[in-house]
Amino acid sequence: MTEPDPDVLIVGAGPTGAVAAKRFAEAGMRVVVLEQGDWPDYSKARANHADFELTAGRDWSANPNRRQAPSDYPIDDSQSDISAVLYNAVGGGTVIYAAHWQRNMPSDFRVRTLDGVADDWPLTYEDLQPYYERVESDFGVSGLAGDTAFPPGKGPPLPPGPLAPMGRRVARAHNRLGWHWWPAPNAIATRAYGPLKPCTQRATCMWGCVEGAKGSVDLTHWPQNIKAGVRLITGARVRRLNVDSAGLVTGAEYVDRQGAPHFQRASVTVLGASGIGTPRILLLSDSPKSSNGLANSSDLVGRRLMMHPFGTVVGLFDEDMQSTHGLWGQHIHSLEFYETDPARGFVRGAKWGLQPTGGPLSMTRGYPWGDNPIWGTNFHKNFRERFARSAMWGIICEDLPETENRVVLDPVLKDSDGIPAPKLIYRMSENSKRLLQFHLGRARESLEAAGARQVVTAPLIRETGWHLLGTTVMGNDPATSVVNAWGQTHDVSNLYIFDGSIWPTSSGMNPTATIAALSLRCAEHLVENRRLQKVPA
Amino acid sequence: MSLTSAERQLFAALADLLIPAGSGFPSASEAGVANHGLDQLLTVRPDLLDPLKSLLLRAKDRSPTVFLQELQTNDPAAFGLLAESVPGAYFLNSNVRAKLKYDGQSARPIDPREDYLDDGLLQSVIDRGPIYRPTP
């Protein structure tokens, strides 16, 4: 007997797909998910081995061009100021993210109205707030309600991690300066919570959490989704979506790991393949009726790529900061300079997260220490000044959308299945450069006020494009956007996009909280309106 | 394939320029980076063997000091290979780790004490009031 076609096909098993699949399954819908990666292999997580620092970068590299796993596709970043980093696996980016769980602030949804640049979102903070609360429960988020940088409301389900010596010291300094700080929100379980075990502060969150304490969706969502009946197909690389004569998407062509082609039919298709993977699939899905790709009558598919320029400032202290360990993750965050102040010469702002600096080998590397000498006669003195005595601010800068910053199909480069690879064309704007320089300066003041004997501004490095946003913009006008406020493409009524591609502006926050909340909001709308949904015959 | 004793001697000489003895800590060679340290390193990072052999071939019959200076100035990638391998092997040494009181990225369970409440720290933030711009 032939299985009935699924109600929904989801492409990508990262946070977007995990959240949406959960909601669809709860509503009794038949769901199939195609994921080009495999389940993460935590046998390669070596935080509890002496060689952790030597092997982590190889086995858990965030750069697919460096990793070159069978599940990865190459990305041509030769014309980009920033290299994209992502993870193709069940869990997607949450497998390697630092789990900084930042909601956007209200102004992030009203950038045009408040600051006169870019675009407003077709929804508000208040629209998204209940969905934030629900996904925070699902991800096992830790933190503290009442943060003065956000409207009042329910906080996350778990208490925050410790401030630790570094956090207390910087918090006191900010209090003297009159600057904001707050115990940081993280998708890291500070107590046992559902499938998550309590964090043990190994500071290895980005390189395979051996405890199973990080809220990555391979732990928090997929086992439960599969139990609920979701069919997850791994090793399935989508090469195009097909459309029928009525202009409805009928499903996805994909290639399995052995190179064999398949076609998965579905009534509705949802893309959650990242700000690079999603536009790549749409651009690959051209046809005589849409020669520049599917759902692209606005010519905005792939455009407006935003990647959050990233800065780091490290303080060295005379006392033990216990900074080999902690949450990586963040201990405190500051949003003091998040909102626009026109006197600064740029618009928008950045979020700061205070992190540990790691083990001994991390004290000798070019990042974050730059050209500051460590080698030779003074090696041991220099080393001891850093080791366990340093703390660093990581700075996420808002990046404004520009149509010339974009993802295109590379005319030459192909993946292992012969499918054209994505190419990034991205230049950091003058606004972003000014914003970054301003924040690096204020972060230096923060650490100096905290008593740092030396402050090091890390060199800018290319491999910081963790946040891939904006490439299928959301809006009300089909002429100037790809999807509507519910992630439905204007051109193809049964094709949806729920991932970070649909953000009209990037905010200056780590995006997973909003990606998850937005995916839930879009999924819920689709569930509620499914009887009105046009589907292929 | 492994490193010859001549290659190990050369590696030790270069390593000692990066990490000499001092502050009560052994030099790189005293910590065995060119012997069991290198073996441990290459066991977990076999991908480093060929690049290291190539690098040491270039260093053969050269003054280690001059060679290292040239690398640092003209070949950051090759210098980076040494700068990863030498401390990588050095910090695997159990005596060095003991002197640092470093037991690896070990488990340190979270103390449930709410340290953000110390000294009224958080109250200062609350007293300053909201800092966000509300939805217009």
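Two residues are taken to be in contact if their C-beta atoms, placed from the backbone, lie within 7 Å. By this criterion, in what is a predicted model, the contact between the two chains takes 58 residues from chain A and 40 residues from chain B. On the side of chain A that touches chain B, the elements that give two or more residues are the helices α2 (52-59), α4 (111-115), α5 (125-139), α6 (164-177) and α11 (379-386), together with the strand β4 (182-183). The residues of this side of chain A divide into 28 nonpolar, 21 polar and nine charged.

Chain A itself has a secondary structure that comes to 13 helices and 17 strands. Its radius of gyration is 22 Å, close to the 24 Å that the globule rule gives for 537 residues, and chain A is therefore as compact as a globular protein of that length. Taken along the principal axes, the box filled by the C-alpha atoms of chain A is roughly 70 × 50 × 45 Å.

Among the strands of chain A, five form an open sheet in the order β5-β2-β1-β9-β17, and their pairing is parallel. The edges of this sheet are held by β5 (231-234) and β17 (495-497) of chain A, and because each of these has a single partner strand, one side of each is left without a neighbour in the sheet. On average, and with direction ignored, neighbouring strands of the sheet are turned by 20 degrees against each other.

Helix α2 (residues 36-44) of chain B and helix α5 (residues 76-90) of chain B pack at an angle of about 110 degrees, and their axes are 8 Å apart. Since angles of 65 to 115 degrees count as roughly perpendicular, α2(B) is therefore roughly perpendicular to α5(B). The crossing of these two helices, α2(B) and α5(B), is right-handed. From α2(B), the residues B:G37, B:L38, B:Q40 and B:L41 take part in the contact, where they meet B:S85, B:G88, B:A89 and B:Y90 of α5(B). The residues of the contact of α2(B) with α5(B) divide into four nonpolar and four polar, with no charged residue among them.

Terms used: Residues numbered from 1 in each chain as written. Chains lettered and ligands numbered in written order. Predicted model: local features only at pLDDT ≥ 70, side-chain atom pairs only at ≥ 80, totals over all residues. Pairing = 2+ DSSP bridges. Helix = DSSP H or I, 4+ residues; strand = E, 2+ residues; numbered from the N terminus. Axes fitted to C-alpha atoms, helices over the stretch in contact; angles between N-to-C directions. Parallel < 35°, antiparallel > 145°, perpendicular 65-115°, else oblique. Left-handed = near helix turned anticlockwise from the far one by under 90°. Nonpolar A, V, L, I, M, F, W, Y, C, P; charged D, E, K, R; others polar. Rg over C-alpha atoms; globule rule 2.2 N^0.38 Å.
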